[in-house]
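These are my notebook entries on what I looked up in this structure. They are kept in the order in which I worked.

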4 protein chains.
Amino acid sequence: MDLKEVIQTLKVGIIGGTGYVGAELIRLLSCHKKIEISAISSVSFSGKKLSDIYQNFYNLNNLVCENEEDVLEKSDIIFLALPNGLSEELAEKILKRNKICIDMGADFRFKNGLTYKKWYGKDFSLPELHEKSVYGLPELNREKIKGAKIIGNPGCYATSIELALLPLISKNLIEETGIISDSKSGVTGSGKSLSESSHFTNCNESLSAYKIANHRHTPEIEETLGSISSKDVKLTFVPHLLPINRGILSTIYTTPKEKINLTELHKEYSNFYKNEPFVNVLPLGGTAKINNVRLSNYCQISLHYDAENNKLILVSCIDNMIKGSAGQGIQNMNLALGFNEKEGLDFIPPAF
Amino acid sequence: MDLKEVIQTLKVGIIGGTGYVGAELIRLLSCHKKIEISAISSVSFSGKKLSDIYQNFYNLNNLVCENEEDVLEKSDIIFLALPNGLSEELAEKILKRNKICIDMGADFRFKNGLTYKKWYGKDFSLPELHEKSVYGLPELNREKIKGAKIIGNPGCYATSIELALLPLISKNLIEETGIISDSKSGVTGSGKSLSESSHFTNCNESLSAYKIANHRHTPEIEETLGSISSKDVKLTFVPHLLPINRGILSTIYTTPKEKINLTELHKEYSNFYKNEPFVNVLPLGGTAKINNVRLSNYCQISLHYDAENNKLILVSCIDNMIKGSAGQGIQNMNLALGFNEKEGLDFIPPAF
Amino acid sequence: MDLKEVIQTLKVGIIGGTGYVGAELIRLLSCHKKIEISAISSVSFSGKKLSDIYQNFYNLNNLVCENEEDVLEKSDIIFLALPNGLSEELAEKILKRNKICIDMGADFRFKNGLTYKKWYGKDFSLPELHEKSVYGLPELNREKIKGAKIIGNPGCYATSIELALLPLISKNLIEETGIISDSKSGVTGSGKSLSESSHFTNCNESLSAYKIANHRHTPEIEETLGSISSKDVKLTFVPHLLPINRGILSTIYTTPKEKINLTELHKEYSNFYKNEPFVNVLPLGGTAKINNVRLSNYCQISLHYDAENNKLILVSCIDNMIKGSAGQGIQNMNLALGFNEKEGLDFIPPAF
Amino acid sequence: MDLKEVIQTLKVGIIGGTGYVGAELIRLLSCHKKIEISAISSVSFSGKKLSDIYQNFYNLNNLVCENEEDVLEKSDIIFLALPNGLSEELAEKILKRNKICIDMGADFRFKNGLTYKKWYGKDFSLPELHEKSVYGLPELNREKIKGAKIIGNPGCYATSIELALLPLISKNLIEETGIISDSKSGVTGSGKSLSESSHFTNCNESLSAYKIANHRHTPEIEETLGSISSKDVKLTFVPHLLPINRGILSTIYTTPKEKINLTELHKEYSNFYKNEPFVNVLPLGGTAKINNVRLSNYCQISLHYDAENNKLILVSCIDNMIKGSAGQGIQNMNLALGFNEKEGLDFIPPAF
């Protein structure tokens with residue numbers, strides 16, 4: 001390691017390092033060449049070694065859970081991987097120290113405090129922070145993220161749906177209302193805590209829908225897409241729990257404003273993403289599937305047209321823990337710190 | 001077994017006994033008290049023992065694959081479990097012998113020969129048979145099935161979707177166009193033949209959509225539901241392949257003609273099915289899932305309302321190999337022969 | 001149902017009806033023609049409907065959890081499906097009422113109180129009950145079970161291993177020491193309670209060994225097999241957790257006392273089980289697998305010989321919840337009540 | 001990339017690039033900083049793009065399958081990922097061009113031509129190559145690998161078993177005969193070709209043993225371990241097919257020559273591997289599991305003692321496609337080329 005590299009090495013901390021998001025951040029950051037993990041904290045496992053909680057780290061990582069203050073002190077940039085509702089106060093502390101905060105939860109995903117309150121049951125207590133914060137979808141807000149001090153990392157379902165719809169809404173090609181997203185996610189989405197729905201024999205060999213038309217990612221998507229549309233965007237969103245570890249597939253049904261020529265639309269759509277490092281639009285005829293993106297930071301999208309019913313159907317796939325969470329968080333970190341956006345994230349998904 | 005039972009015991013034959021549908025028919029019929037399996041045939045495995053092909057039958061079933069003629073000769077009622085396009089000729093032979101034919105394939109699911117040709121690439125060669133045949137959805141055609149000589153057993157996806165929509169279409173409660181069914185099926189749906197899509201490492205830990213807005217069950221559903229509606233029914237149907245053995249879950253998005261009161265609708269809907277032995281409508285608040293019906297002949301349906309977007313959402317679950325195929329075939333057989341409709345089919349799905 | 005059947009209908013109760021063993025008993029007993037379920041009890045779910053706990057029973061079963069006393073009062077034969085250590089007192093109450101008790105736990109699996117204490121940490125408090133009780137492995141103790149008032153239903157792993165070794169030990173063909181069983185079980189074996197090991201993302205796509213050479217079924221197997229041997233039987237037993245719902249496969253390594261002729265041994269071995277309704281020995285060349293017995297009461301066994309190292313290898317498969325628990329309990333009930341041993345249990349395992 | 005790096009970049013080719021081993025090599029080599037993939041060949045897919053065969057590579061890799069000669073010409077080091085029996089001739093061509101050959105198949109795993117012939121049905125046709133070749137288990141042959149021109153990459157099962165037994169055999173601590181390995185592997189082990197055993201519905205929710213005491217890795221392990229022992233090593237090896245994509249877990253039963261103190265043995269055992277970058281011996285009390293190493297090049301081993309029966313039990317886990325194949329091949333390449341042994345391989349296994 002030469003001098004230049006030493007100088008570049010920044011210190012990254014994680015508050016809430018032992019949940020699934022924290023563990024995935026640590027795993028991915030371990031391969032990042034420009035940073036080092038300075039400290040992690042955990043309320044539940046304070047003083048314990050990470051490798052005692054997750055045995056895959058045995059002998060490969062010696063981090064011990066410290067407290068929040070240690071993380072704040074030792075780090076230049078801090079990920080908050082906490083239950084919703086706990087991030088504002090910490091974000092303020094981080095800002096006061098002139099450090100950067102990437103919130104992996106929902107607290108900085110909304111600009112509209114009323115919407116946040118309606119779905120999360122809590123007022124913004126520090127509204128000025130939300131004016132400064134940026135919604136961390138690089139494909140939408142890359143330039144703003146570059147200078148941001150507070151980044152709200154998008155929800156996993158939201159990422160898969162917004163990436164599919166961004167080109168269509170921004171180019172005014174589909175009806176803003178009556179959009180339907182039928183989404184399916186692996187069980188890692190529900191995290192480390194034990195629950196009936198993640199009990200093996202309850203989800204294996206099954207499929208179930210939940211929070212039907214009542215999931216908190218709905219308003220997040222509506223606000224995000226509404227911000228680039230002249231009209232309100234309205235979405236019916238139904239998530240399902242798949243008996244797999246990782247991955248989200250969203251099948252999205254939209255109504256084109258006019259009958260479309262799919263070949264031309266596909267060209268325009270692909271063009272929208274042609275410079276995006278992590279979004280791949282499949283050629284017409286191909287169909288996105290979870291296998292193609294699992295364990296990577298890539299999003300894969302395919303386009304299909306039901307001409308008889310004038311429905312434009314999109315299939316959008318991501319890994320919920322990477323592009324849907326930790327990977328996108330690191331992508332945001334790279335942008336905020338001026339690194340190559342792909343640093344630490346350009347590994348290829350396994351074929352099997 | 002007393003004399004009366006002996007007299008009642010009818011002979012059932014299966015042409016195409018070694019595909020998945022055939023094997024499931026044999027398994028289920030083995031527990032049926034009123035019939036015995038007289039003969040099975042197989043082109044691929046002629047002369048072989050069933051238990052050499054499916055080892056689960058070892059020592060429990062001694063059937064040997066014979067030829068078609070043996071089955072026709074030895075049986076009172078014959079299931080055709082064949083690739084599409086091969087059933088008309090056999091059905092005619094069966095009718096001439098004054099026996100009963102239950103076709104498990106698509107050949108007798110359509111009344112409209114043009115639709116059949118468009119989707120299956122073949123004209124009706126014996127149109128008069130199609131006038132006599134009955135579409136074997138007992139919840140729709142019970143009385144006709146009772147006297148039928150040719151029964152076309154519904155498709156698996158079609159069963160799950162039609163059962164969900166029957167009450168709504170027949171009572172004129174939803175828009176007939178713009179219906180969307182996002183359906184997910186286990187891998188048994190693609191049968192015994194090896195294929196890339198059923199190669200373990202290709203489907204395990206993944207999810208994929210296929211035949212998007214282009215699946216052959218679409219016109220079957222449209223014709224069936226159209227037959228009870230004053231208007232054409234139009235459906236956008238997208239099937240997906242789940243990494244599980246059995247089960248279909250269809251999430252169906254419909255638009256009520258008027259804003260609805262879900263409690264009242266649920267009452268009316270439940271009432272529609274209150275005497276049906278195999279359809280269970282969950283109480284409001286419950287959500288149908290595959291686990292609840294797997295390995296049984298039951299269909300479970302739940303109702304949900306997205307009031308903000310006026311979308312009535314239905315979740316409908318069946319076991320694709322039972323209510324979606326072999327079980328429904330036996331239900332049809334029971335009706336055609338005047339047996340108790342539930343004979344051999346009233347086993348409870350396992351909880352795990 | 002004619003008069004004779006009514007008279008034969010006995011009342012069956014289940015204490016602990018809402019654990020996995022209880023739920024499986026209820027499912028299977030629902031298809032039993034000679035009995036009816038009179039009452040079930042549950043400490044955790046007292047007053048709740050079974051179908052609120054397990055939604056697969058919705059509309060198919062109206063049982064409500066009562067208390068123990070109700071079950072004792074209303075039933076002729078009572079299954080105890082309780083945590084270990086709670087059965088003696090209840091068994092005594094049942095005996096006093098001159099009723100029959102089938103204990104699904106470990107409390108009546110041992111004759112040797114010291115062994116029981118060593119592994120379960122508790123003395124026999126009512127030793128006289130253990131003199132009267134019978135170990136409920138029908139293939140070993142059929143005649144004793146017929147008149148029994150207390151039956152200790154065998155452990156799941158124990159069943160798979162004992163059935164494989166019974167012919168060899170009883171005919172003195174293998175060394176009694178140095179036996180190794182490498183066993184693998186589905187996750188239902190760990191029951192309804194949430195735990196880290198049954199959290200989906202912890203067991204899916206993985207395999208783990210546990211309680212290595214320290215599992216409580218070891219002494220049960222040693223005592224059972226020792227009872228038919230002139231020497232002590234010594235076993236090294238290692239269980240593993242498979243990412244599947246149901247099924248046990250035990251691969252058992254034994255040392256023949258003399259070099260063997262596998263064809264002859266297979267003949268002798270098969271002969272041992274030729275009249276057993278639920279044990280199927282595969283022809284030489286076949287290999288038992290979980291798929292072949294899953295969701296049935298059958299045990300499938302195959303024999304293999306490593307001549308170079310003089311190891312006789314057995315592969316033994318059962319469904320852990322049926323032949324390994326609820327099904328075997330019902331088989332014992334059938335014997336104790338003088339029913340056909342196969343009543344309610346002769347369904348064929350699904351091929352897929 | 002500065003000049004020094006350009007100079008170091010070597011050209012790597014893969015003959016047989018479209019099987020599972022080839023695809024995994026390409027995926028992993030894409031993250032390797034010191035090499036570039038110069039060419040791949042495929043008989044089945046000549047002229048096709050890799051990303052048409054494996055869609056996970058879409059837009060991430062532009063390789064097109066060329067022919068063998070192109071690979072030989074363009075590459076400094078060549079991986080052979082071919083069916084057994086095809087490597088000698090190619091290895092000779094590679095040697096003549098003074099390039100390096102890493103054979104991923106079995107052809108260079110044996111020094112004893114008679115053993116090879118017995119198990120693979122073919123004589124060594126170029127025996128002199130086998131004198132020059134090195135068995136590529138770095139933990140055994142690191143120094144020899146460094147200068148090698150032909151490396152025979154070990155079998156997947158063999159790797160998991162040999163790593164577990166190396167310390168014990170080399171230190172003369174266990175009986176050389178009577179060793180038993182009960183091993184379980186994910187389905188990727190059987191590769192890309194469709195087969196009954198890898199048909200989803202045949203292996204999902206099941207477990208099966210195969211090639212019982214008759215698998216070709218048996219003689220490989222016996223020869224390798226025999227080479228460091230004064231006596232012949234004899235193994236009973238039974239592989240099983242797990243319903244997961246990746247991973248091998250071997251449970252190995254050995255007999256210590258003398259009663260052991262497990263704490264001391266563990267210390268000695270751990271010490272053996274203390275400098276090995278890819279072998280982690282768990283602390284006593286821990287148990288290796290597939291989850292802990294999946295998708296990584298690490299091997300995790302745990303030690304257990306059945307004192308009552310004097311059996312030392314080892315649990316050894318690897319990812320069959322990485323440490324069991326492509327990863328170990330790259331580790332060998334790194335050694336042969338003088339790179340850091342961990343280059344491109346030090347990613348951490350995901351916790352979920």
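**Entry 1. Chains C and D: symmetry.** I first asked how chain C can be laid on chain D. In this predicted model, a turn of 180 degrees and a shift of 0.0 Å along the axis bring chain C onto chain D with an RMSD of 0.0 Å. I recorded this as the relation of a two-fold axis. I then noted that the same surface serves both copies, since 100% of the contact residues of chain C recur in chain D.

**Entry 2. Chains C and D: the contact.** I looked up how many residues take part, and found 41 residues of chain C in contact with 41 residues of chain D. The area buried between chain C and chain D is about 3400 Å². Carbon and sulfur atoms give 58% of that area.

I next turned to the polar side of the contact. Between chain C and chain D I counted four salt bridges. In one salt bridge the side chains of Asp182(C) and Lys184(D) meet at 3.0 Å, N to O. The number of residue pairs in polar contact between chain C and chain D, both at pLDDT 80 or more, is 26.

**Entry 3. Chains A and B.** I then examined the other pair. Chain A is superposed on chain B by a rotation of 180 degrees with 0.0 Å of shift along its axis, at an RMSD of 0.0 Å. Here too I found that the same surface serves both copies, with 100% of the contact residues of chain A recurring in chain B.

The contact draws 41 residues from chain A and 41 residues from chain B. I recorded a buried area of about 3500 Å² between chain A and chain B, 58% of it on carbon and sulfur atoms. The rule finds four salt bridges across this interface. One of the salt bridges joins the side chains of Lys234(B) and Glu308(A), at 2.5 Å, N to O. I also noted 26 residue pairs in polar contact between chain A and chain B, both at pLDDT 80 or more.

The elements that give two or more residues to the side of chain A that touches chain B include strand S8 (179–185), helix H10 (200–203) and strand S14 (311–318) of chain A. By class, that side of chain A has 16 nonpolar, 14 polar and eleven charged residues.

**Entry 4. Helix H11 of chain A.** How many of the ten residues of helix H11 (residues 217–226) of chain A are buried? I found nine, and recorded the helix as mostly covered. Among the buried residues of H11(A) are His217(A), Pro219(A), Glu220(A), Glu222(A) and Leu225(A). I looked for what covers them, and the cover includes helix H6 (113–120), strand S6 (134–135), helix H8 (138–146), helix H9 (156–170) and S10 of chain A.

**Entry 5. Ser51 of chain C.** I located Ser51(C) in helix H3 (residues 50–53) of chain C. Is Ser51(C) buried or exposed? Ser51(C) counts as buried because its relative accessibility is 5%, and buried means under 20%. Leaving aside neighbours within four places in sequence, I found Ser51(C) in contact with Phe57(C), Tyr58(C) and Asn61(C).

Terms used:
Residues are numbered from 1 along each chain as its sequence is written. Chains are lettered from A and ligands numbered from 1 in the order in which they are written. This is a predicted model: local features need pLDDT of at least 70, side-chain atom pairs count only at pLDDT 80 or more; totals for chains, interfaces and linings use all residues. Side-chain values use heavy atoms; hydrogens and water are left out. Contact means heavy atoms within 4.5 Å. Buried area is the accessible area (1.4 Å probe) that two parts lose on being put together, summed over both. A polar contact is a pair of N or O atoms within 3.5 Å; within protein, one must be able to donate a hydrogen and the other to accept it, and residues adjacent in sequence count only if both atoms are side-chain atoms. Helices (H or I, at least four residues) and strands (E, at least two) are DSSP runs, numbered from the N terminus. Ala, Val, Leu, Ile, Met, Phe, Trp, Tyr, Cys and Pro count as nonpolar, Asp, Glu, Lys and Arg as charged, and the others, Gly among them, as polar. Copies are superposed by least squares on the C-alpha atoms of residues with pLDDT of at least 70 in both. Buried means under 20% relative accessible area, exposed over 50%, partly exposed in between (1.4 Å probe, protein chains only).
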